[in-house]
Amino acid sequence: MRNDPTGRALQLLSLLQTHRFWRSAELSARLEVTERTVRRDVDRLRDLGYPVDSTSGKYGGYRLATGAHVPPLVLDDDEAVAVAVGLRYAAEAAIDGIEETSLRALTKIETLLPHRLRRRVSALHSSVISMRRADDNDIVDPEALSVLAAACRDHEHVRFDYRRGDGESSRRLVEPHQLVTAGRRWYLLAWDQHRGDWRTFRLDRLWEPRLAGSHFTPREIPGGDAAGFVASSLGATPRHLDAKLAIEATFAELEGVLRWIDHTPIELGPNFSVVEIRGEDLGRLAMTVARIALTAPVTVIEPAELADTVRQLAIHLRISPPCRSLVYRDTCPFRSELGE
């Protein structure tokens, strides 16, 4: 890289596009060149139209200017994959009109990806599917989203019409503090001026948000956590049950199955693992144990209720006899149930 001016300039540009301030010595160390070479590379970027600000002195450095037109971005491999995946799932977001825009951008990016990266993105897309409910009508107006986001940022009062879950409509004047996403739904956490209290509003149930032309001093969100407050107000925080399992496999051998399970490793040995798993109820925990048991033998250490549930599951699980085999066709006890 040190003897390749073009590659070095691209790497420098990639670092500057984080829009942080880079000391000259830091860039010199990253690029493995002298600070004098860094200055020449910065001048080369400026000649290409990239606006790079600089400060001199012992602690001088460089920063890519903001607010100016910048030529195309330079992304490393992981960044390119992240952008492509993000656009893919933005196309399924509950924001009106964003699907087509995201797909157009995704198509442009994927055509530019090298084959090795296109294979990574394709593998992710083909292996993951989003589940949508049949009653998904919670589509958000992107203009409303922009107005509310700006109002949260600028601490400006907002007026809008709102329809509650029971169908009753009302006009609101609020102090918007934070937008919160939960799955495909968007919520606004705001102080309601008329009610004199905090309220959570679903964005798909409000329309025509408009700035009121006045500003407010932000209040302290109860608990200091907007997402936690919204979850609590919606009653969305599930009560999780914990269970401890002993599994006859190394943790490395279990990574493939545990990656989809809420778990915490407790004790790891050369041929065993003790992990804690979490679920919403005994039934789901039992299914999780069964899923792990497809990989390795499992013993439920606690709670006793889960051990009983898994034991009952094992009793009820039976291997169906090969009824459709010609050898067993005449003796199959389930022949009538199978319509034979």
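Strands here are DSSP runs of E with at least two residues, helices are DSSP runs of H or I with at least four residues, and both are numbered from the N terminus. Two strands count as paired if DSSP finds at least two bridges between them.

Before going on, the basis. This is a predicted model, where local features need pLDDT of at least 70 and side-chain atom pairs count only at pLDDT 80 or more, while totals for chains, interfaces and linings use all residues. Residues are numbered from 1 along each chain as its sequence is written, and side-chain values use heavy atoms, with hydrogens and water left out.

Strand 1, residues 22-23, is joined to strand 3, residues 61-64, by 2 bridges, and the two run antiparallel. Strand 2, residues 52-55, also runs antiparallel to strand 3, with 4 bridges. Within that pairing Val 52 stands opposite Leu 64, and Asp 53 stands opposite Arg 63. Strands 2 and 3 make a hairpin with 5 residues between them, and Gly 57 in the turn has a positive phi of about 105°.

Put together, that is an open sheet of 3 strands in the order 1-3-2, paired antiparallel. Strand 1 and strand 2 are at the edges with a single partner strand each, so one side of each has no neighbour in the sheet. As a reminder, strands of a sheet pair through backbone hydrogen bonds, either parallel or antiparallel.

Now the whole chain. It has 11 helices and 12 strands. Of its 340 residues, 33% count as buried; buried means under 20% relative accessible area, exposed means over 50%, and partly exposed is in between, with a 1.4 Å probe and protein chains only. The accessible surface comes to about 21,400 Å², and 52% of that belongs to carbon and sulfur atoms. Areas are from the Shrake-Rupley method with a 1.4 Å probe, and for residues only the protein chains shown count as cover. Among contacts in the chain with a separation of 6 or more, 56% are between residues 24 or more positions apart, where contact means heavy atoms within 4.5 Å.

Strand 9 and strand 12 are joined by 4 bridges, with Val 298 in strand 12 as the bridge partner of Ile 247.

Which residues touch the most other members of the largest nonpolar core? Of its 18 residues, they are Leu 245, Ile 247, Leu 258, Ile 277, Ile 292 and Leu 306. A nonpolar core is a set of buried Ala, Val, Leu, Ile, Met, Phe, Trp, Tyr and Cys residues joined through side-chain atoms within 4.5 Å. Two or more residues each come from strand 9 (241-247), helix 9 (251-258), strand 11 (273-279), helix 10 (282-293) and helix 11 (304-316). Helix 10 gives the largest share, 4 residues.

Most residues other than glycine have a negative phi, and most peptide bonds are trans. Glu 32, in the loop between helix 2 and helix 3, has a positive phi near 60° and counts as exposed at 51% relative accessibility. Val 33, found in that loop too, is buried, at 12% relative accessible area. Glu 208, in strand 8 (residues 206-215), has a positive phi near 55° and is exposed at 55%. Finally, the peptide bond from Glu 302 to Pro 303 is cis, with omega near 5°, and Pro 303 is in the loop between strand 12 and helix 11.
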